[in-house]
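These are my notebook entries on one protein model with its ligands. I set down what I looked up, in the order in which I looked.

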Amino acid sequence: MISYFTAIFALTISLADTAPTSSPVFPPRSTSESFRLVANVTSGDLSPSIKDYVLTSYHIGAGQAYAVLTPNISSTTGRIFYQNGTAEDIRYRRSNVLSDGGEPLFPFGIVLNEDQSVSVNAGTGTTGVNLALFPDPISGLSAVGKEGFYACEKTLLYGPAVQVFAKAYEEVTPEGCADVKLLAQCSDSSGAEHPYGATSGCYADVAGIDWSVYSA
Ligand SMILES: *[C@@H]1O[C@H](CO)[C@@H](O)[C@H](O)[C@H]1NC(C)=O
Ligand SMILES: *[C@@H]1O[C@H](CO)[C@@H](O)[C@H](O)[C@H]1NC(C)=O
Ligand SMILES: *[C@@H]1O[C@H](CO)[C@@H](O)[C@H](O)[C@H]1NC(C)=O
């Protein structure tokens, strides 16, 4: 009898030991309507490192701004976003990603420009910008027809900034730029009402994720 239980026990231990390699494990997610976008560098990196930099807007004109990454200096660094659309819009990737700004608050949207730069402009943004959905096990910004995003040090209107660009399929990331995944971190809301605000998967603390224990 004892050896029977010992065998079962040993089997259980060995299954537990092999579980992480035999089935992929991804960082746990929560859900929220509002989120910030945090850079996870997947190749390249800049100097200083832009790991855990937060997406914000770099104002260039009335209601016009570039998407840039900035060091996280406080709990309010970075713009707050939400996915906008009906359940169908979300399912068919026809949603847009919005962020409130101005006084009183009005919508700005994430825009993919012709030259691959990304903007956060007053208005509805580009349709098809979304947070990756089930079955994707990771909650990050994605855009229909794009492979992902990269970031480069650029000199903009008022000086240097880490600017975000959409990466086309098969495109080689330009020299000196870093591939980034823009991961969603759950956030409080801006305070504005969002009749079509969707519930998104997001992380409690992107900077605190220990990627060495996960499969992606
Ligand atoms: C920014 O840093 C604060 C601590 O100052 C932390 O609570 C927060 O999670 C960070 N925000 C993001 C979006 O990483
Ligand atoms: C939000 O989504 C709804 C439903 O598709 C749409 O009618 C509305 O125009 C969108 N709002 C903005 C600001 O894009
Ligand atoms: C985040 O970055 C780490 C380190 O580069 C990498 O191991 C991990 O796969 C990345 N995760 C995602 C979802 O990009």
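**Entry 1: a strand pair.** I looked up strand E3 (residues 54-61) and found that E3 and E4 pair in the antiparallel sense over 7 bridges. I take strands as DSSP runs (E, at least two residues) and helices likewise (H or I, at least four residues), numbered from the N terminus; two strands pair if DSSP finds at least two bridges between them. Ser57 stands opposite Ala67 in E4. The two strands form a hairpin with 2 residues between them, and Gly63 in the turn has a positive phi of about 70°.

**Entry 2: basis of the model.** I note that this is a predicted model, in which local features need pLDDT of at least 70 and side-chain atom pairs count only at pLDDT 80 or more, while totals for chains, interfaces and linings use all residues. Residues are numbered from 1 along each chain as its sequence is written, and chains are lettered from A and ligands numbered from 1 in the order in which they are written. The mean pLDDT (the predictor's confidence in each residue, from 0 to 100) is 91, and 90% of the residues reach 70 or more. Over residues 1-20 pLDDT stays under 50, and the model has 1 contact beyond four places in sequence for them. I count a contact where two C-beta atoms, placed from the backbone, lie within 7 Å.

Entry 3: I found 5 of the 7 residues of E4 (residues 64-70) buried. A residue is buried if 20 or more other C-beta atoms lie within 10 Å of its own, exposed if 12 or fewer, and partly exposed in between, with C-beta atoms placed from the backbone. E4 is also joined to strand E12 (residues 159-168) by 2 bridges, running antiparallel, and Val162 in E12 is the bridge partner of Leu69. Beyond its neighbours within four places in sequence, Leu69 has contacts that include Ala39, Ile50, Ala151 and Val164.

**Entry 4: the core.** Which residues have the most contacts inside the largest nonpolar core? I found Leu37, Leu69, Ala151 and Val164, in a core of 47 residues. Strand E13 (residues 178-186) gives the largest share of this core, 6 residues. Such a core is a set of buried Ala, Val, Leu, Ile, Met, Phe, Trp, Tyr and Cys residues joined through C-beta atoms within 7 Å. For the protein as a whole, I recorded 2 helices and 14 strands, and 37% of its 216 residues count as buried.

**Entry 5: Asn113.** Is Asn113 buried or partly exposed? Asn113 counts as partly exposed because it has 14 C-beta neighbours inside 10 Å. I located Asn113 in the loop between strand E7 (106-112) and strand E8 (118-122). Not counting residues up to four places away in sequence, Asn113 touches Val118 and Ser119.

**Entry 6: the ligands.** I treat a residue as near a ligand if its C-beta atom, placed from the backbone, lies within 6 Å of it. Of the 13 residues around ligand 1, those that come nearest are Arg36, Val54, Asn72, Ser75 and Gln185. The residues around ligand 2 include Asn84, Asp89, Pro107 and Tyr196. Around ligand 3 I found Asn40, Val41, Thr42, Ile138, Lys181, Trp211 and Ala216, and strand E2 (residues 35-43) supplies the largest share of that shell, 3 residues.
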